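Hi everyone, thanks for making time this morning.

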Amino acid sequence: MNNELSSQQVKDIGEQGLLERLQRFCPPEIIGDDAAVLETAPEQFLVVTTDVLVDGVHFSNLTTSPEDAGWRAAAANLSDLAAMGASPLGITVGLGLPGEVRVSWVERLYQGMTECLQKYNTSIVGGDVVRSPVTTLAITAFGQVNPNQIIRRSAAVVGDAIIVTGVHGASRAGLELLLHPELGQDLKDAERMALIRAHQRPQPRLDVLPILQKILASPCPMPIAGIDSSDGLADAIIQICRASGVGAVLERGQIPIPEAFDHWLTPDQALAYALYGGEDFELVLCLSQEPALALVEHLGKDAAIVGNITPGSTVRLQDEQKKFPDQILSLSQGFQHFNQ
């Protein structure tokens, strides 16, 4: 092996570079989406996803109670299932702990996971516990989906509308308020608590799936492209475009952000939180225009069309009012493990 390659460290190639290396060990038809899809029966496919959370990276006692850490961990995995169009069946939990951790902390962690799962009639169905120098939580979630209703990143086509559910940037704002309580002095108490709750108790958008399936019910259903926005809205759209071999144009004024941002952040700060803040766990979907409009009509203010899929590979943000210059969006502006 080349000595230069063998001496490379993970931080040298970053998260995306490491993923590219590791994907060589996986069947190409399985990887590339938010979860693996395994055929188990003619009418249902098994969907499997795994998420690892590390103390000090994904949660902290400074901003998250044990219950909230457990909720967020479960929600992250359920969101990956929603991003594949799958209904949850159960989760397994791998837990690594220092021996000094209090038993009550662990019980509260599992209580938070259970509270989230109960909303979706889902349970913890197994797992493992090991000694570790750092508290680490590895969750594998199992779901099922009709093969005609699978959502994939690679299904976007030119002309599709890009739909996002919910608002974006709220989780990042909540984190900032927890880390820096002196911020946002002009926020109302209800606004402050809503942003903090968005960070501590995100809601996976499994509720959107029945509506989407109803709209798309057809003998020959069209493919759906999608992903969740756990790594940021910009990242989500770029990942869809990469997997589908297309580009996109986004309209700045259509990106849904919390109304509270008007009392606190500048337009550029609000946009940065929405595009790159991450951990909002909303859905980003690409559909042809007619069903896209029908979905937005069903969801009302809880969804918006933010742009369209275009030829090429560039993801461009434009301002219809011409108050702001166009921007080319890239993954380098968001969070990437090992790049920090």
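This is a predicted model: local features need pLDDT of at least 70, side-chain atom pairs count only at pLDDT 80 or more; totals for chains, interfaces and linings use all residues.

Residues are numbered from 1 along each chain as its sequence is written, and side-chain values use heavy atoms, with hydrogens and water left out.

Back to Glu67. Its relative accessibility is 18%, so Glu67 counts as buried; buried means under 20% relative accessible area, exposed over 50%, and partly exposed in between, with a 1.4 Å probe and protein chains only. Setting aside residues up to four places away in sequence, Glu67 touches Arg108, Gly112 and Arg201, where contact means heavy atoms within 4.5 Å. With Arg108 there is also a polar contact, side chain to side chain, at 2.8 Å. By polar contact I mean a pair of N or O atoms within 3.5 Å; within protein, one must be able to donate a hydrogen and the other to accept it, and residues adjacent in sequence count only if both atoms are side-chain atoms.

Helix α3 comes up again when we turn to helix α5, residues 170-179. The buried residues of α5 are Ala170, Ser171, Ala173, Gly174, Glu176 and Leu177. Their cover includes α3, α6 (189-200) and α9 (267-276).

Now for a strand. Thr136 lies in β5, residues 136-145. Is Thr136 buried or partly exposed? At 22% relative accessibility, Thr136 counts as partly exposed. Beyond its neighbours within four places in sequence, Thr136 is in contact with Val52, Leu53, Val54, Gly94, Leu95 and Gly96. The Thr136 side chain also reaches the backbone oxygen of Val134, at 3.1 Å.

Finally, let's zoom out. The chain has ten helices and 13 strands; helices (H or I, at least four residues) and strands (E, at least two) are DSSP runs, numbered from the N terminus. Buried residues make up 48% of the 340 residues. Of the contacts with a separation of 6 or more, 82% are between residues 24 or more positions apart. Along its principal axes, the C-alpha trace spans about 55 × 55 × 50 Å.
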